Structures are given as structure tokens and as C-alpha cells.
Amino acid sequence: MLRMAKISRDRFGLSRFGDPGLLILISLLDGAKHGHAMIVDIERTTGLRLGPGTLYGALPKLEERGLIVTLESTDRRRPYEITPDGRSAVAENVARWDQVLQTATTRLAMP
């Protein structure tokens, strides 16, 4: 029987670089955005396109974990803002990626 590897998640419930939640948090680091603006920003900065279902499925989870908050809006678009815990989640993941990138760079330099 084939077993799937268990996905390891950090203390914020995020699992990997391509985790939609993490991409959303990174997008919100430079300011509040509504859903479509996040989709555009994530695609522009990473080349990855989140579908609306993926994005809008991840937003409530991030809010439940206290990583983002919904801001008041005067129109139908709902802006979201990253919280201090959301910033901490990104910082922890960046530190982990830095270690992975350093290892990869070292190994690429090997003959």
C-alpha cells in the first residue's frame, strides 16, 4: 500500500514555500489588498497563479489563525491586512528558506 508523506506544518499552520497562505502573507507585507490585487501581486512576484477558490479558501483559515484581519470597506471588495503574528510567520519561513538556499548554493558549487 502506498502511503503519502505527512505534510509538516509550522506553528502557524503553514507548510511550504508554495503554500497559498504563505504567498498571501508575503503579498500583504507591503500593505493591505483585496483578493484580486493579491492574485495579481502573487503572480507578478512569484510566477504562481492562485485561483479564486484557492485564495478565498485560504483567507478564512489565515484569519482564524490570527495571521490576517479583514478591514472595513466602502465597496464590495474586502481588503485584508497582515497581523504581527502573520509577519512572524513569514519571518520564520524566510529563515528556513535561507538555510535551504544556502545548502543548495553550496551543493551547486560542488564539482
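This is a predicted model: local features need pLDDT of at least 70, side-chain atom pairs count only at pLDDT 80 or more; totals for chains, interfaces and linings use all residues.
User: What span should helix α3 have?

Analyst: The expected span of a helix is 1.5 Å times one less than its number of residues. Helix α3 covers residues 52-64, so its 13 residues should span 18 Å; the end C-alpha atoms are 19 Å apart, which agrees. Just after α3, Gly66 takes a positive phi of about 75°.

User: Which residues of α3 are buried?

Analyst: Buried means under 20% relative accessible area, exposed over 50%, and partly exposed in between (1.4 Å probe, protein chains only). In α3 the buried residues are Leu55, Ala58, Leu59 and Leu62. They cover an arc of only 115° around the axis, so they sit on the same side of α3; the arc is that of the directions from the helix axis to the C-beta atoms. Exposed Gly53 and Glu64 are on the face of α3 turned away from its buried side. Over the protein chain, buried residues make up 32% of the 111 residues.

User: What covers the buried residues of α3?

Analyst: Contact means heavy atoms within 4.5 Å. The cover includes α1 (20-28), α2 (35-46), β1 (68-70) and β2 (80-82).

User: How do α1 and α3 pack?

Analyst: Axes are lines fitted to C-alpha atoms, for helices over the stretch in contact, and angles run from 0 to 180 degrees between N-to-C directions. Angles under 35 degrees count as roughly parallel, over 145 as roughly antiparallel, 65 to 115 as roughly perpendicular and the rest as oblique. The axes of α1 and α3 are 9 Å apart, at an angle of about 80°, and the two helices are therefore roughly perpendicular to each other. From α1, Pro20, Gly21, Ile24 and Leu25 meet Thr54, Leu55, Ala58, Leu59 and Leu62 of α3.

User: Is Thr83 buried or exposed?

Analyst: Thr83, in the loop between β2 and α4 (84-108), counts as buried because its relative accessibility is 11%. Leaving aside neighbours within four places in sequence, Thr83 is in contact with Gly66, Leu67, Ile68 and Val69.

Conventions:
Residues are numbered from 1 along each chain as its sequence is written. Side-chain values use heavy atoms; hydrogens and water are left out. Helices (H or I, at least four residues) and strands (E, at least two) are DSSP runs, numbered from the N terminus.
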